[in-house]
Amino acid sequence: MMNTKFYTNLTNKSLSGEILSSEECQAILTSPKIQLLSLLQAAYKLRFKYWKNEVRIHIINNVQNGSCSEDCHYCAQSKSSSAKIEKYPMKSDDEIFKEAEQAYKAGAFRHCMVFSGKCQSKSRIKHLVSIIKEIKSRFPIEVCVSPGFITEDEAKILKKAGLNRLNHNINTSANHYKNICTTHSFQKRIDTLNAAQNAELDICSGVIVGMGESIDDIIDAALTLRKFKNVKSIPVNFLLPIEGNVLTKANELTPQLCLRILCLYRFLNPAVEIRIAAGREYHLRDLQALGLYPASSIFMDGYLNATGLSRKKTLQMIKDAGFTIKSDQNLDELIDREENAYESNITSESVVMKKYSDLHPSFSKMNVEEQNED
Ligand code: SF4
C-alpha cells in the first residue's frame with residue numbers, strides 16, 4: 001500500500017502548481033498499491049478548495065444532429081458510423097430558446113449547444129451571434145457552443161456576442177489521434193483551441209478514454225490541456241459502445257480505473273471544472289457518486305445521442321453524496337418536481353439511444369400544450 005505521504009504529496013504538489021512526475025501519474029492509473037478512497041480523498045481536497053461541494057450541471061443540446069463529413073471513429077454522427085440516430089439540420093430559433101429555458105428551469109448552470117459538422121459558415125456564425133444574445137438576455141444561464149473548427153476572427157465575434165465558453169475536445173493525445181480519425185489532424189483541433197484562447201474565450205476541451213489509447217496517452221492529453229490557460233473545463237468521457245460506430249470497445253474500463261482517471265485529471269488541472277461526461281452510467285456503474293469527489297460537474301439528460309440516468313436520480317445522487325448544485329433553483333424542489341418526469345431505461349450493460357422526443361424536448365412539450373389548449 002502507498003503510505004499517507006504519497007497522497008498528501010499529490011495534493012500539495014498540485015496546490016503549489018507543480019506538475020506530478022511521470023512515475024506519480026503512472027502510479028495513479030496503474031499501481032496495485034493505490035488505495036482508491038485515499039486517492040479520492042487527496043483529489044477531493046483540491047476539488048473542495050476550488051469548487052467547494054458544488055456540482056455544476058450541464059445539459060447538452062444537439063441543435064444540429066448527424067451527417068458529418070468527418071470520420072471520428074467514436075462518433076455516431078460521423079460519416080463512418082451506421083448508428084441509428086435522428087438526423088436533422090439546425091433547429092429553429094424558437095425551439096432553441098424554449099430548450100434553453102427548459103435547461104435553466106431544470107437547474108442547469110450552463111446550456112451547451114452542439115453542432116455536428118467540422119465548421120460553421122459565415123452566415124451561421126452571424127446567426128449564432130443573435131441566438132447567444134437572445135438566450136443571455138432572457139435567462140440567467142451561461143452559454144457554451146460547440147461549433148467545430150473555428151478561426152480566431154470567428155471566435156472574437158462569438159466572444160463579443162457574450163458567449164461564455166467554447167467547446168472543442170482534443171479527445172486523446174497527439175500520438176493516438178491518427179488512430180481515431182483520418183479526416184483531420186490533432187493539430188487542427190489545437191489550432192481551434194489557440195484561436196479561442198487568442199480571442200480570450202473560455203474553453204471547454206476534454207477527452208474520451210477507452211479508445212485503444214495507452215496510459216501515457218491519457219496522461220499526455222491531460223498535460224496538453226494544462227498548457228492552455230483558458231481551458232476552464234475538461235469533460236472526461238468514457239467511450240460508449242454505440243452500435244454502428246467504428247469504435248465500440250477498445251480498452252477495458254473498470255469503474256476503479258475511471259475514478260483513477262478523474263483523480264489524475266484533477267491533480268494535473270487542479271482549478272479546472274472537471275466533468276464526468278458520457279459513459280458515467282455505463283462505466284462507473286454503482287460508483288458514479290464517487291466521481292463527484294474529483295469532478296465538479298456532470299451532464300444531466302444524457303449525452304449527444306445516448307440517454308443517461310434520469311434527472312431525478314441524477315439530482316438525488318448529488319444530494320445523497322452530500323453535494324449541492326450551482327443554480328438559483330433549489331435542489332430539493334427540483335427533485336420533487338422531477339418526481340414523474342423524464343425517465344430513461346439506461347442500464348449499465350447497454351447504451352440506450354435518444355428518441356426524437358429526447359432530442360427535441362420543447363417540441364414534445366409544445367405538442368402537449370397545444371393539445372391542452374384545443
Ligand atoms: S466528433 Fe464532430 S467532427 Fe467528428 S464526426 Fe462527430 S460531429 Fe463530426
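**Note on the predicted model**

1. Just after helix H6, Gly162 adopts a positive phi of about 110 degrees.

2. Helix H6 spans residues 152-161, and its buried residues are Glu154, Ala155 and Leu158. Viewed down the axis of H6, these buried residues fall within an arc of 100 degrees, so they line one face of the helix. An α-helix has 3.6 residues a turn, so residues three or four places apart point the same way. Asp153 and Lys160 are exposed and sit on the face of H6 turned away from its buried side. The cover over the buried residues of H6 includes helix H5 (122-138), strand E3 (142-146), strand E4 (165-167) and helix H7 (186-198).

3. Cys25, Ala27 and Ile28 are buried in H2. Down the axis of H2, the buried residues fall within an arc of 160 degrees, so they line one face of the helix. On the face turned away from the buried side, H2 carries the exposed residues Ser22, Glu23 and Thr30. Among the elements that cover the buried residues of H2 are H3, helix H8 (215-226) and H9.

4. Helices H3 (residues 36-51) and H9 (residues 255-268) also meet each other: their axes come within 9 Å and cross at roughly 35 degrees. The crossing of H3 past H9 is left-handed. From H3, the residues in this contact are Leu36, Leu39, Leu40, Ala43, Leu46 and Arg47, and they meet Gln256, Leu259, Arg260, Cys263, Arg266 and Phe267 of H9. By class, the residues of the contact of H3 with H9 are eight nonpolar, one polar and three charged.

5. Ser67 deserves a look at its backbone. Its phi is near 60 degrees, a positive value in a residue other than glycine. Most residues other than glycine have a negative phi. Ser67 is placed in the loop between strand E1 (54-62) and helix H4 (93-105). There, Ser67 has 14 other C-beta atoms within 10 Å and is partly exposed.

6. Arg285 is a further residue other than glycine with a positive phi, here near 50 degrees. The loop that holds Arg285 lies between helix H10 (280-284) and strand E9 (297-300). Arg285 counts as partly exposed, with 14 C-beta neighbours inside 10 Å.

7. Is Thr172 buried or exposed? Thr172 has 26 other C-beta atoms within 10 Å, and a residue is buried at 20 or more, so Thr172 is buried. Its place in the chain is the loop between E4 and H7. Leaving aside residues up to four places away in sequence, Thr172 touches Tyr177, Ile180, Val207, Ile208, Met211, Glu213, Asp217 and Ala221. Between the C-alpha atoms of Thr172 and Cys263, which are 91 residues apart along the chain, the separation is 17 Å. Cys263 is one of the H9 residues in the contact with H3.

Methods
Residues are numbered from 1 along each chain as its sequence is written. This is a predicted model: local features need pLDDT of at least 70, side-chain atom pairs count only at pLDDT 80 or more; totals for chains, interfaces and linings use all residues. A residue is buried if 20 or more other C-beta atoms lie within 10 Å of its own, exposed if 12 or fewer, and partly exposed in between; C-beta atoms are placed from the backbone. Helices (H or I, at least four residues) and strands (E, at least two) are DSSP runs, numbered from the N terminus. The arc is that of the directions from the helix axis to the C-beta atoms. Two residues are in contact if their C-beta atoms, placed from the backbone, lie within 7 Å. Axes are lines fitted to C-alpha atoms, for helices over the stretch in contact, and angles run from 0 to 180 degrees between N-to-C directions. A crossing is left-handed if the near helix is turned anticlockwise from the far one by less than a right angle, and right-handed if clockwise. Ala, Val, Leu, Ile, Met, Phe, Trp, Tyr, Cys and Pro count as nonpolar, Asp, Glu, Lys and Arg as charged, and the others, Gly among them, as polar.
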